[in-house]
Amino acid sequence: MSWESIAATKRQALKNSIPAEWVIPAAIFPPEDQLDVTTFPRESGFFTERELEITSISALTILSHLSSGSWTSEEVTKAFCKTAAVAQQLTNCLSEIFFDKAIARAKELDLYFQQTGKTKGPFHGLPISLKDNFNFIGFDSTIGFTSLVGKPATYNSMVVDLLLETGAVLYCKTNVPTAMMISESVNNLFGRTVNPRNRNLTTGGSSGGESALIAFGGSRLGVGSDIGGSLRMPAACTGTFTIRASAGRFPNTRSRACLEGQESVIGVSGPIAKTLEEIVYWSSTIIGLQPWIRDPKCVPIPWRSVEPKKTLKIGVLWDDGFISPTPPVARALKETVEKLKAAGHEIVNWPSTEHMEMLIILGRLFLADGGKSVRDLLEPTGEPFRPEMKPYEDAKEISVYDLWQIHGRRNALCKAYLDRWNDTGIDALLCPTTPYSSVENGKFAYAGYTCVFNLLDYPAVSFPCGVNTDKAIDTAYSDHKALSEMDAKIQEDYSAESVHGMSVSLQLVGRRLEEEKLLAMTDVILKTVAP
């Protein structure tokens, strides 16, 4: 079969896996020019009040209902499966659907609870969605390649085992870009995932299917991954929360990666949700399971309770010296800093001293194999490189010696950054997550604000800061002094009209392996900037 035929067959199978009763009737199907489809569940009449109640409250409240016996997992699971089915029809966010398996699992959990009066664990009965790269026995992990269709996983990712053991209900997997190495979730197999808050805009990548599903309401808690911003960029595009933890805090073993064996920059797993408290719950629960006992890459650091400082010293990276934040992001950062100052927090400007060289190094590390890893997955079906993957298509393999020299320079930059952090005495670093609030499909051109912290292995939270874009205020720069040719192009492409009303996110960065402190500081900032 040609790659086109494989893709068409897989897409049809995905479509057929949606139960007939959850297919949106033509009479109420939103027109293509309806950009915000997050209103559909409440306004369409397609959902019951009970279904809307279940899918609109936090995972912690759902778990409370489940553990008290006032709700059943079957009822909760069906509500999320239905909403996920609708999200797929409106945003193209899913890659695998296993609703029947999920409902059967929910019934088993309900029976267990009825017979024992106990829950299976801290995620008992809660539907949790998975990014496509997490292996789940019996289902594909294609990561956007047609050559991986019809090759279901024969083992689970470590995080999947932990979720199942603690009572979670797994019901779908979500779309990613080819190889998970594009800043938007688009591939030749499933096509493009769009932003449910505005379907003309991107949902980001590579955990873009996950963030779209959560923003729509088809999941309260999802698991994604991040090697260059793949959790944070999608969260920023959809106004959701996430944390990119330092390598080793969360289990990521036995998950599929295109650049398998590449350890110059470590990919990590992590949660996406609508609230910070759900992120904290997932993080503390997973670490509480002592994943280092079974995952050789995890570090034996238990979850630590922290008392956040009343007054923080925060470094502010206004720009990274190469790309300026677009007007709404610049305004959001400025307004957030003003509120923090007014609340008594100390603010210091943080120069972008090492950022440009770190970006160059990161690019060289990702392309060190000359694009062989990507090419090896494209060639079996004759699938072409997507235009976004041009750097991988053109890459030249470097020698082991050259790689070692790059590692040496990387390590020196990490030491310089840490020294500067210590000398300045900051508690955290505040900066844009991306230059964009979101951006039109096909125009996400820069991941530099996130990926430097992957190279440094610093934990980073992306959070909506309470500012929405406003076309009347966030007009294009009139006298902008471009930092680079790419900066000039990004600002030229910026459209205040296109992103009007979108949530703006910022990024808070902490010290390596201090995720607990970072989440606590994020909470302090959220309480300070809350309107």
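How many of the residues of helix α8 (residues 208-216) are buried? In this predicted model, local features need pLDDT of at least 70 and side-chain atom pairs count only at pLDDT 80 or more, while totals for chains, interfaces and linings use all residues. Residues are numbered from 1 along each chain as its sequence is written, and side-chain values use heavy atoms, with hydrogens and water left out.

Helix α8 is mostly covered, with 9 of its 9 residues buried. Here, buried stands for under 20% relative accessible area, exposed for over 50% and partly exposed for what lies in between, with a 1.4 Å probe and protein chains only. Helices are DSSP runs of H or I with at least four residues, strands are runs of E with at least two, and both are numbered from the N terminus. The buried residues of α8 are Gly 208, Gly 209, Glu 210, Ser 211, Ala 212, Leu 213, Ile 214, Ala 215 and Phe 216. Just after α8 comes Gly 217, with a positive phi of about 110 degrees.

Helix α16 (residues 448-456) is largely enclosed by the rest of the structure, because 9 of its 9 residues are buried. Among them are Tyr 449, Val 452, Phe 453, Leu 455 and Leu 456.

A partner of α16 is α15: the two axes come within 10 Å and cross at roughly 100 degrees. That makes α15 roughly perpendicular to α16. Axes are lines fitted to C-alpha atoms, for helices over the stretch in contact, and angles run from 0 to 180 degrees between N-to-C directions. Angles under 35 degrees count as roughly parallel, over 145 as roughly antiparallel, 65 to 115 as roughly perpendicular and the rest as oblique. Arg 410, Cys 414 and Tyr 417 of α15 meet Phe 453, Leu 455 and Leu 456 of α16, where contact means heavy atoms within 4.5 Å. By class, this contact of α15 with α16 has 5 nonpolar, no polar and 1 charged residues. Ala, Val, Leu, Ile, Met, Phe, Trp, Tyr, Cys and Pro count as nonpolar, Asp, Glu, Lys and Arg as charged, and the others, Gly among them, as polar.

Helix α15 (residues 400-424) also packs with helix α12 (residues 355-366), at an angle of about 150 degrees and with the axes 10 Å apart. The pair α12 and α15 is therefore roughly antiparallel. On the α12 side the contact includes Met 358, Ile 361 and Leu 365, and on the α15 side it includes Arg 410, Leu 413 and Tyr 417. The residues of the contact of α12 with α15 divide into 7 nonpolar, 2 polar and 4 charged.

Helix α11 (residues 327-342) and helix α18 (residues 515-529) pack at about 95 degrees, their axes 9 Å apart, and are therefore roughly perpendicular to each other. Thr 336, Lys 339 and Leu 340 of α11 make the contact with Ile 525, Thr 528 and Val 529 of α18. The classes in the contact of α11 with α18 are 3 nonpolar, 2 polar and 1 charged.

Turning to a loop, Ser 56 lies between α3 (49-55) and α4 (59-68). Ser 56 is partly exposed, with a relative accessible area of 44%. Ser 56 and Asn 200 are 144 residues apart in sequence and 24 Å apart in space, C-alpha to C-alpha.
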